[in-house]
Amino acid sequence: MSAVDPRLSINQATIKYADLETALAVTADAGIQAIGLWREPVNAVGLDVAAKMLADSGLRFTTHCRGGFFTLPDGPERSAALDDNRRAIEETATLAAAGAEGSTAVLVLVAGGLPAGSRDLVGARERVRDALGDLADDAKGSGVTLAIEPLHPMYASDRCVVSTLGQALDIAADFDASVVGAAVDTFHIWWDPQVLEQIARAGREGRIATYQVCDWRTPLAEDVLLSRHYTGDGVIDFGSLTRAVVETGYDRDIEVEIFNADIWADDPARVVARTAASFAEAISPHLP
């Protein structure tokens with residue numbers, strides 16, 4: 001087996017059905033040095049237990065997924081969402097402290113879609129900005145970066161009203177770069193004619209909190225959420241995107257995050273091995 005790229009991180013969503021213990025074990029056993037975790041499997045064992053398991057694994061912690069869902073109007077549901085994000089900030093700080101040296105305290109945010117019955121896309125985006133204002137002090141006090149993740153426009157109505165990296169950076173501009181940044185995910189931004197310009201801008205502004213990769217292939221799955229593929233299996237030009245990210249000075253780990261029913265149904269160890277091999281072919285040649 002060839003050497004694993006030291007900057008590869010497995011986002012736990014790639015092996016969705018593996019519990020936390022299994023996810024940590026198959027990642028470490030494959031020689032991968034880092035992992036991004038999701039809240040549900042962490043909360044299934046409890047934060048303190050999860051932190052100890054992560055520390056014992058020797059893996060770096062790269063991101064926590066996910067916070068967000070900020071587009072609800074004022075009321076009890078919005079207040080509950082903000083409180084849940086405060087808990088996610090605390091989880092992120094605890095896990096980053098438990099991870100190996102080089103871990104990063106990054107909470108990935110999915111903004112949320114249009115509230116039921118609403119057509120006010122501009123207003124929904126403004127509520128995202130408002131929510132970040134409510135959470136900025138919590139994040140700063142915990143040393144956590146809130147990473148706005150733009151999602152492909154096909155998710156704008158139900159999942160994320162922030163559709164481009166430029167929109168994410170416009171919202172983040174109101175806040176210190178150490179507190180609010182952006183997640184650069186190839187699946188969501190590869191199509192954007194301004195993507196290289198916006199990656200460069202994100203670098204200048206110090207806002208690339210995480211770089212995530214997976215591929216786009218058509219036809220899309222019936223559930224378009226599950227249409228992600230191994231790097232190299234689709235149409236994304238990882239060379240231009242990865243070089244653009246590298247040229248900003250980004251030197252952190254790079255996560256592979258895949259939502260795909262067939263991949264989820266596969267053996268986690270086999271998925272991790274194939275992820276490492278495809279990363280070595282599609283991403284590693286473009287890294288310094």
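This is a predicted model: local features need pLDDT of at least 70, side-chain atom pairs count only at pLDDT 80 or more; totals for chains, interfaces and linings use all residues.
Author: In what follows, a residue is buried if its relative accessible area is under 20%, exposed if that figure is over 50%, and partly exposed in between.

Reader: Let me zoom out. How many helices and strands does the protein chain have?

Author: Along its principal axes, the C-alpha trace spans about 55 × 45 × 40 Å. Within the protein chain you'll find 11 helices and 10 strands.

Reader: What is the radius of gyration of the protein chain, and how does it sit with the globule rule?

Author: For 288 residues the globule rule gives 19 Å. The chain's own value is close to that, so the chain is as compact as a globular protein of that length. The radius of gyration is 18 Å.

Reader: What share of contacts between residues at least 6 apart in sequence join residues at least 24 apart?

Author: Burial first: 56% of the 288 residues in the chain are buried. As for those contacts, the share joining residues at least 24 apart is 81%.

Reader: Which residues touch the most other members of the largest nonpolar core?

Author: This core holds 85 residues. Its largest share, 7 residues, is supplied by H5. Apart from it lies another core, of 11 residues, including Cys 65 and Ala 147. Back in the largest core, the residues touching the most other members are Leu 95, Leu 132, Leu 146 and Ile 199.

Reader: Pick Leu 132. What does it touch, beyond four places in sequence?

Author: Leu 132 is one of the residues with the most partners in the largest core. Beyond four places in sequence, Leu 132 touches Phe 70, Leu 109, Leu 146, Ile 148, Ile 171, Phe 175 and Val 180.

Reader: At what angle do the axes of helix H4 and helix H5 cross?

Author: H4 covers residues 76-98 and H5 covers residues 121-142, and their axes come within 10 Å. H4 passes H5 in a right-handed crossing. The contact has 6 nonpolar, 2 polar and 6 charged residues. The crossing angle is roughly 35 degrees.

Reader: Where is Thr 92, and what is its relative accessibility?

Author: Thr 92 is in helix H4. Beyond four places in sequence, it touches Phe 61, His 64, Ala 105, Val 106, Leu 107 and Val 144. Thr 92 counts as buried, with a relative accessibility of 0%.

Reader: Which residue is joined to Cys 65 by a cis peptide bond?

Author: Most peptide bonds are trans. The bond in question has omega at about 0 degrees.

Reader: What is omega for the peptide bond from Thr 218 to Pro 219?

Author: Pro 219 lies in the loop between strand S8 (215-216) and strand S9 (228-229). The bond from Thr 218 to Pro 219 is cis, with omega near 0 degrees.

Reader: What is phi of Phe 69?

Author: Most residues other than glycine have a negative phi. Phe 69, in the loop between S3 and H4, has a positive value instead. At 32% relative accessibility it counts as partly exposed. Phi of Phe 69 is near 60 degrees.

Reader: Last one: what is the relative accessible area of Pro 150?

Author: Pro 150 lies in the loop between strand S5 (145-148) and helix H6 (165-172). Among the residues it touches are Val 162, Leu 165, Ala 183 and His 188. Pro 150 is buried, and its relative accessible area is 1%.

Note on methods:
Residues are numbered from 1 along each chain as its sequence is written. Side-chain values use heavy atoms; hydrogens and water are left out. Axes are lines fitted to C-alpha atoms, for helices over the stretch in contact, and angles run from 0 to 180 degrees between N-to-C directions. Helices (H or I, at least four residues) and strands (E, at least two) are DSSP runs, numbered from the N terminus. A crossing is left-handed if the near helix is turned anticlockwise from the far one by less than a right angle, and right-handed if clockwise. Ala, Val, Leu, Ile, Met, Phe, Trp, Tyr, Cys and Pro count as nonpolar, Asp, Glu, Lys and Arg as charged, and the others, Gly among them, as polar. A nonpolar core is a set of buried Ala, Val, Leu, Ile, Met, Phe, Trp, Tyr and Cys residues joined through side-chain atoms within 4.5 Å. Buried means under 20% relative accessible area, exposed over 50%, partly exposed in between (1.4 Å probe, protein chains only). Contact means heavy atoms within 4.5 Å. The radius of gyration is taken over C-alpha atoms; the globule rule is 2.2 Å times the number of residues to the power 0.38.
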